[in-house]
Structure formats: structure tokens, C-alpha cells
Amino acid sequence: MDAHTPTYRDVDVVTTRSFVDAMASSAMGVSIVTTQGVAGQFGLTVSAWSSVSAEPPLVLACINRKSPIVAPLTVNGRFAINVLTEAQAGLARVFAGRSADGRNYDFAAAGWHTSPEGDLMLDQSSAAFSCVLDSWHDAGTHRIFIGRVEHVSTMRAEPLLYHN
């Protein structure tokens, strides 16, 4: 082997730590999932989201079931996935509960508008998806929310990526 050959570490027993470490080697887009309605207004930084289908347009977000957003999102039956730009890294920390100035989960930290369906859409996000909750499934520690996309907005900007 030469100095440029990558070194791989095989793991015989997959532990939580080895799994998380392996997942951290993949770059993922960062978003803020929002919900508002009869159960209240909530937002959370999420990197586990994806498209599911183009026909019909479906997306999913995976959120730890211990998160305070899980019950309200389920009750409200609506959510938005707001894809962050590189310039919004500080906002990602706010909605991850890691704000440098203590403004955790503070909607006043950014500009928002409401989609025609009533979902909170982040101003200047690279993309935003307004969704009605199609279904949800519990899997391990997380709840997988599948949303039918009813409105989308886009802006050309470099997306914020989470890696390691």
C-alpha cells in the first residue's frame, strides 16, 4: 500500500457509535422542519430528509421521537422542509438547540413567510416544501414523516451540508 491508499476499518459488531461514525462520512443537506397549527408552532434542524417520489411528489423527514416537534407535527398534520443555504449555518444551530447567543428555537432569528397552505417557509432558503402529512411510521428511535408536497419554492444558492 502506498501513502495515498485509504485505510478502511471493518467493524465486526455494529454499535451505535460505529454506525453514527459511518453515517457521518456522508454529506447530507441540512433543513429546518417547521409545523404550525392547533398543536402550536415548532421548528427543528434536520439532516435526515429526502425525496421519496416525484409522482406523486412525496418527501420524508426522520425525527427522533423524543423531540418536542414530533407530537405537534403529528397533530397539526402539516409541515414544511426548508433547505438551508451555506449562509444559514447559524440558523441551523438555532433550531438544533445550539445557538451561540441562547436564542434556541427562536423564530425571530430569521424571516419567514406562510405558504398558501399555511406552512412556515424560511425566507431565502434554497428550497422549501409545503406538505400535508401523508403517513408516519416509527422505526427505531425515530418517527418517519412522509409528506405530500403541495407547494414548493426554490432559489439558486449553495446548500448547507452536514458532514462529520
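**Exercise 1. State how many aromatic pairs a search of the whole structure finds, then describe the pair of Trp49 and Phe129.**

Solution. A search of the whole structure finds four aromatic pairs. The model is a predicted one, in which local features need pLDDT of at least 70, side-chain atom pairs count only at pLDDT 80 or more, and totals for chains, interfaces and linings use all residues. Residues are numbered from 1 along each chain as its sequence is written, and side-chain values use heavy atoms, with hydrogens and water left out.

Step 1, the criterion. Rings of Phe, Tyr and Trp (its six-membered ring) pair if their centres lie within 6.5 Å; planes under 30 degrees apart count as stacked, over 60 as edge-to-face and the rest as tilted.

Step 2, the geometry. Trp49 and Phe129 lie 6.3 Å apart, centre to centre, with 45 degrees between the planes, and the pair is tilted.

Step 3, the location. Trp49 belongs to strand E4 and Phe129 to strand E9, so the pair links parts of the chain 80 residues apart. Strands (E, at least two residues) and helices (H or I, at least four) are DSSP runs, numbered from the N terminus.

Step 4, the accessibility. Buried means under 20% relative accessible area, exposed over 50%, and partly exposed in between (1.4 Å probe, protein chains only). Trp49 is partly exposed because its relative accessibility is 22%, while Phe129 is buried because its value is 19%.

Step 5, a further group. Phe95, Phe107 and Trp112 form one aromatic cluster.

**Exercise 2. Give the strand order of the open sheet and trace the pairing of E5.**

Solution. Step 1, the order. The sheet has seven strands in the order E3-E2-E6-E9-E10-E5-E4, with antiparallel pairing. Two strands pair if DSSP finds at least two bridges between them.

Step 2, the edges. Strand E3 (42-46) and strand E4 (49-54) are the edge strands, each pairing on one side only. From one strand to the next, the twist averages 30 degrees; axes are lines fitted to C-alpha atoms, for helices over the stretch in contact, and angles run from 0 to 180 degrees between N-to-C directions.

Step 3, E5 with E10. Strand E5 (residues 57-64) and strand E10 (residues 142-154) run antiparallel and are joined by seven bridges. Val59 has Gly147 in E10 as its bridge partner.

Step 4, E5 with E4. These strands pair in the antiparallel sense over five bridges, and Ser53 stands opposite Leu58 in E5. E4 and E5 form a hairpin with two residues between them. Pro56 is in the loop between E4 and E5, and the peptide bond from Glu55 to Pro56 is cis, with omega near -5 degrees.

**Exercise 3. Identify which residues touch the most other members of the largest nonpolar core, and which elements supply it.**

Solution. Step 1, the criterion. A nonpolar core is a set of buried Ala, Val, Leu, Ile, Met, Phe, Trp, Tyr and Cys residues joined through side-chain atoms within 4.5 Å.

Step 2, the members. The largest core has 18 residues, of which Val33, Ile63, Leu73, Phe79, Ile81, Phe129 and Phe145 touch the most other members.

Step 3, the sources. At least two residues each come from E3, E5, helix H2 (70-76), strand E6 (78-83), strand E9 (127-139) and E10. E9 gives the largest share, four residues.

Step 4, one member. Contact means heavy atoms within 4.5 Å. Leaving aside neighbours within four places in sequence, Phe145 is in contact with residues including Val59, Ile63, Leu73, Phe79 and Leu133.

Step 5, the other core. A second, separate core of twelve residues includes Val30, Ala92, Phe95 and Leu160.

**Exercise 4. Decide whether Thr34 is buried or exposed, and find what its side chain reaches.**

Solution. Step 1. Thr34 is found in strand E2 (residues 31-35). Thr34 is buried because its relative accessible area is 1%.

Step 1. The Thr34 side chain reaches the backbone oxygen of Leu120 at 2.9 Å.

Step 2. Leaving aside neighbours within four places in sequence, the contacts of Thr34 include Phe42, Phe79, Phe107, Trp112 and Leu120.

Conventions: A polar contact is a pair of N or O atoms within 3.5 Å; within protein, one must be able to donate a hydrogen and the other to accept it, and residues adjacent in sequence count only if both atoms are side-chain atoms.
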